[in-house]
Amino acid sequence: MEKLKKVSIWLFFLFMGLFMILPIIPLIFWSFTKLWPWPQLIPETFSLESWKYLFSDTGRAFEGLFNSLVVMILTVVGNILLGLPAAKSLSQREFFGRGLAFIVLLSPLFIPLTVSIMGIHGIAIQLDFLPDYFHVTMAHMLVTMPYFIVMLWYQYKLLGLKLQEAAFSLGAGSMKTFLWIELPLITPALLLACLIVSIISLSQYLPTWIMSGGTLLTLPLIIFPYASSGNASIVSVYSIWFFLPVFILVSLYFVCMKIHHKKVSGHGG
Amino acid sequence: MRLEQVSIQYGQQRVLKSIQLEIRKGEISVLMGPSGSGKTTLLKGIAGLIPLSEGEIKWEEQKGQTGLVFQEPRLFPHMTVLENIAFGLRVKGISKKERNHRVKEFLKTLQLEGLENRYPYQLSGGQQQRVSLGRVLVLKPELLLLDEPFASLDQPLRIQLTEWLYSLQRSYGFSVLWITHYVDEAFTVADRVGLLMDGEIIQVGNPLDFYQNPSSEKVASFFALSNRFSRVQWQKWIPNHCFTEKTNEMGWIPARVIHIEASSSSSYSGGLENEDFIWIEGIVRRVKHGSKTQTVLIESKGECLEVELNVWEKAPVVGTAVKAGIPFNKIVWYPR
């Protein structure tokens with residue numbers, strides 16, 4: 001019975017793994033061919049044409065990646081600056097209207113995206129003197145902040161106030177308590193929240209398009225026309241290119257978690 | 001240190017009302033009280049974690065340092081024993097080398113030698129609480145505030161740590177304000193005891209004062225003093241006795257000093273004094289067995305008297321008629 005249970009678990013993970021990995025295989029094949037008709041198992045001819053296009057001037061691979069990364073970093077920073085204090089206050093402080101404030105901060109989750117973005121677009125027009133990066137970042141923050149706040153709100157809830165109280169009783173002020181006690185303890189949730197914010201920000205199309213009027217070319221804005229034209233080879237190349245920063249970010253997250261775990265518990269793994 | 005008319009309020013709720021308390025230098029003051037009476041709030045107020053609504057804290061000389069030890073260890077889970085103990089020193093800006101040196105010297109006193117690189121999850125409950133105490137004591141506080149620090153530990157460990165802390169206090173000479181709800185713990189270490197109820201200190205004195213001179217029925221009830229009856233009830237039982245006590249309305253007597261005999265015994269004198277005892281007739285209603293004693297409940301004239309017997313003594317059978325010998329001069333009288 002125990003053996004059957006173990007086999008079932010392994011089978012489950014095997015199928016889950018295949019479900020996630022298998023779609024990547026044709027993507028790789030498509031990126032090296034222009035033609036792959038059915039029922040061929042693998043394409044007959046291979047070429048680097050799509051990759052060459054990606055790295056050509058018209059391909060704008062680096063411009064797209066750079067813009068995406070700038071907006072992503074600004075979005076993460078904005079979330080940390082605004083979302084972290086908000087999450088802390090919502091979970092640890094008692095104040096009148098706390099429930100309402102929580103609902104308002106989470107409202108982008110249940111208000112249609114276009115409504116929120118059009119609303120913020122009105123504000124962005126008045127801040128026309130700022131670069132497009134900031135306008136787009138505002139929209140990305142609106143989309144990502146509910147996730148960020150919820151994750152940290154829960155972590156702060158788990159943390160409670162007892163350790164902070166102990167630190168205060170030993171003479172630590174707010175800043176030292178935050179840096180030496182809170183921050184190390186919320187780091188896993190903070191890293192995960194930043195990772196999720198980064199991935200969501202990287203994949204935003206509509207908010208970026210509306211806020212920049214289509215002038216700030218991030219990766220989704222570059223990919224979208226090719227996707228709608230049905231050019232599978234080019235789309236595959238861009239998809240892999242898009243996957244690269246995501247893969248690096250996820251890897252970076254696991255490395256940071258390992259370092260953090262080793263630091264706070266004396267052993268890795 | 002003196003607390004003068006200290007009040008603490010949470011919103012509209014007044015948790016502490018005009019507290020007047022003196023903590024003497026080098027003494028252990030124990031504060032007792034039922035749950036929700038405001039004991040922890042008072043400690044947090046003294047430690048500066050909660051603002052005082054009214055009143056002030058006055059120090060004999062310059063403002064002294066306080067150190068608060070909580071009921072649960074509250075160790076920082078991401079720090080080693082050494083880092084936990086050194087936390088307060090780090091806050092003060094003392095160099096890493098110096099604070100490590102100070103902590104390592106102190107580890108022997110804390111009986112934590114060799115554990116300095118362990119994390120809190122790698123320690124036993126007793127060791128965790130020692131680290132928690134060490135974290136405060138390394139700062140050499142003038143006043144140590146203890147909020148039931150050993151309440152979560154099992155009894156043998158609690159007694160052991162209480163004794164250890166008592167010796168430490170006697171050798172270092174710091175003052176202690178110790179909150180506990182264990183009467184035995186309080187009385188073995190206390191120089192003075194205070195009783196806090198409903199946000200007010202209702203009696204302060206040396207430990208035995210609470211037995212020999214309870215200030216009210218509230219106090220007597222908190223310490224679960226046995227056989228607490230009104231003067232009227234005592235008069236019902238002992239109608240022929242001349243009561244010299246006129247002012248205090250209540251009287252209690254330890255269950256251990258009451259004698260019990262079968263009703264047919266010849267020493268019975270029908271409510272009159274027989275040497276030092278006055279004998280009351282009653283019916284045994286219940287026998288409660290404890291780990292060290294057994295308690296016999298004798299009903300007489302509408303009330304139940306408690307009589308304590310040793311475990312090796314034979315208790316009377318429930319429902320039998322007995323007589324209880326009360327040493328009248330041992331009744332402690334106190335105001336209602």
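Residues are numbered from 1 along each chain as its sequence is written, and chains are lettered from A and ligands numbered from 1 in the order in which they are written. Because the model is predicted, local features need pLDDT of at least 70 and side-chain atom pairs count only at pLDDT 80 or more, whereas totals for chains, interfaces and linings use all residues.

The secondary structure of chain A comprises twelve helices and zero strands, where helices (H or I, at least four residues) and strands (E, at least two) are DSSP runs numbered from the N terminus. The C-alpha trace of this chain spans about 75 × 65 × 30 Å along its principal axes. Of its 269 residues, 30% count as buried, a residue being buried if 20 or more other C-beta atoms lie within 10 Å of its own, exposed if 12 or fewer do, and partly exposed in between, with C-beta atoms placed from the backbone. Among the contacts in chain A with a separation of 6 or more, 70% are accounted for by residues 24 or more positions apart; two residues are in contact if their C-beta atoms, placed from the backbone, lie within 7 Å.

Between the chains, 16 residues of chain A are in contact with 13 residues of chain B. On the chain A side, two or more residues are given by each of α8 (162-169), α9 (174-202) and α12 (232-265), and α8(A) gives the most, with six residues. By class, this side has nine nonpolar, four polar and three charged residues, with Ala, Val, Leu, Ile, Met, Phe, Trp, Tyr, Cys and Pro counted as nonpolar, Asp, Glu, Lys and Arg as charged, and the others, Gly among them, as polar.

Apart from neighbours within four places in sequence, A:A139 is in contact with A:I117, A:I120, A:P207 and A:M211. In the pairing of helix α6 (residues 113-126) of chain A with α7(A), A:L113, A:S116, A:I117, A:I120 and A:A124 meet A:H135, A:M138, A:A139, A:L142 and A:V143. By class, this contact has eight nonpolar, two polar and no charged residues.

In chain B, helix α5 (residues 125-137) has ten of its 13 residues buried, so it is largely enclosed by the rest of the structure. The buried residues of α5(B), among them B:Q128, B:R130 and B:R135, pack against β5 (66-69), α2 (81-85), α3 (87-91), α4 (96-107), β6 (143-147) and α6 (155-172) of chain B.

Residue B:I179 lies in strand β7 (residues 175-179) of chain B and counts as buried because it has 25 C-beta neighbours inside 10 Å. Leaving aside its neighbours within four places in sequence, B:I179 is in contact with B:L31, B:K39, B:T40, B:L43, B:L146, B:D147 and B:E148. B:I179 and B:G67 are 112 residues apart in sequence, with a C-alpha to C-alpha separation of 14 Å in space.
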